[in-house]
Amino acid sequence: MTVSVLFFGVSSDLAGRASAEMELKEQADVTSFKSQLFSEFPGMKNLSDFAVAVNEAYSNDSDSIKDGDEIAILPPVSGG
Amino acid sequence: MKNTCVLLTDKQLDLDVCNRFVEDPKCGGISIFVGTVRNHTQGNAVLHLEFSAYNNMAIKEMQKIADRAMTKFSIEKIAIHHAVGKLKIGDIPVIIAVSSAHRNAAFDACQFAIDTLKETVPIWKKEYFEDGEVWVNAHP
């Protein structure tokens, strides 16, 4: 299945882009997504702390991912 | 009548708009927090800032904060406005305005809203210095 991935803040520098498409195995969850992310975008290993949003909501590691989901990489936020 | 007003914009924020939105005859007071762009970070002179956001999610998270504040505190109305794009020193990136019958609820809700915004709303600040730029709080 295919998901779109958005990189925000410093993660866009580390990934070298603002967005990407990734092919995930069926029955992917956030944990398996992250390990694939690190292998496709090794620069992301330098980001010690980040959250993952699935379809515009904060996710847990065990949340499943579906075909067509929008996944966002969110470094620690600094608004306000 | 809507009691919350959430805005994410690349235009200048307007204090009057926030103030007018929360005005209410049932209220005894309005508490307003205004964030301003500071000219230094840890001794280094900041030239300007740039805020970027995951727009759709940022608006959803700001709305969640407004809704939670309405439930958690005895307040009448709340406005949460945040700017994105390039901001100069002294510009206003964020305004929280809260009205309530009695002042404590407005103070508490205002603090709750800005503190939570800084933890959960997907907005990132980049500081520009004489000798470069850095994402705030995002040192790998």
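**Chain B, the pocket and a serine**

Tutor: Let's start with chain B, whose elements run β-α-β-β-β-α-β-β-β-α-β-β from the N terminus on. That comes to three helices and nine strands. Keep in mind that this is a predicted model, so everything here is computed from it. How compact is chain B? Its radius of gyration is 16 Å, close to the 14 Å that the globule rule gives for 140 residues, so chain B is as compact as a globular protein of that length. Of its 140 residues, 49% count as buried. Now think about which parts of the chain touch: among contacts in chain B with a separation of 6 or more, 75% are between residues 24 or more positions apart.

Rolling a probe the size of a water molecule over the atoms shows where empty space is left. In this model, the largest pocket holds about 310 Å³ of space. It is lined by 20 residues, and the closest to its centre are Gly79(A), Gly80(A), Arg38(B), Lys118(B) and Lys125(B). Which elements give two or more residues to that lining? They are strands E2 (29–35), E3 (40–41), E4 (44–53) and E8 (123–129) of chain B. E4(B) gives the most, with three residues. Sorted by class, the lining has eight nonpolar, eight polar and four charged residues.

Next, find Ser78(A) in your viewer. Ser78(A) sits in the segment after strand E5 (70–74) of chain A. Is Ser78(A) buried or exposed? Its relative accessibility is 5%, and because buried means under 20%, Ser78(A) counts as buried. Which residues does it touch? Leaving out residues up to four places away in sequence, Ser78(A) touches Phe51(B), Ile123(B), Trp124(B), Lys125(B), Val136(B) and Asn137(B). In one, the side chain of Ser78(A) reaches the backbone nitrogen of Lys125(B) at 2.9 Å. In the other, that side chain of Ser78(A) reaches the backbone oxygen of Val136(B) at 3.4 Å.

Lys125(B) is among the residues closest to the centre of the largest pocket, and its backbone nitrogen is reached by the side chain of Ser78(A).

Methods: Residues are numbered from 1 along each chain as its sequence is written. Chains are lettered from A and ligands numbered from 1 in the order in which they are written. This is a predicted model: local features need pLDDT of at least 70, side-chain atom pairs count only at pLDDT 80 or more; totals for chains, interfaces and linings use all residues. Side-chain values use heavy atoms; hydrogens and water are left out. On a 1 Å grid over the protein atoms alone, a cavity is a set of points where a 1.4 Å probe fits but cannot get out, and a pocket is an open set with protein on both sides within 12 Å along at least five of seven lines; lining residues have an atom within 4 Å of a point. Grid points are joined across faces, edges and corners, and a volume is the space filled by probe spheres set on the points. Helices (H or I, at least four residues) and strands (E, at least two) are DSSP runs, numbered from the N terminus. Ala, Val, Leu, Ile, Met, Phe, Trp, Tyr, Cys and Pro count as nonpolar, Asp, Glu, Lys and Arg as charged, and the others, Gly among them, as polar. Buried means under 20% relative accessible area, exposed over 50%, partly exposed in between (1.4 Å probe, protein chains only). A polar contact is a pair of N or O atoms within 3.5 Å; within protein, one must be able to donate a hydrogen and the other to accept it, and residues adjacent in sequence count only if both atoms are side-chain atoms. Contact means heavy atoms within 4.5 Å. The radius of gyration is taken over C-alpha atoms; the globule rule is 2.2 Å times the number of residues to the power 0.38.
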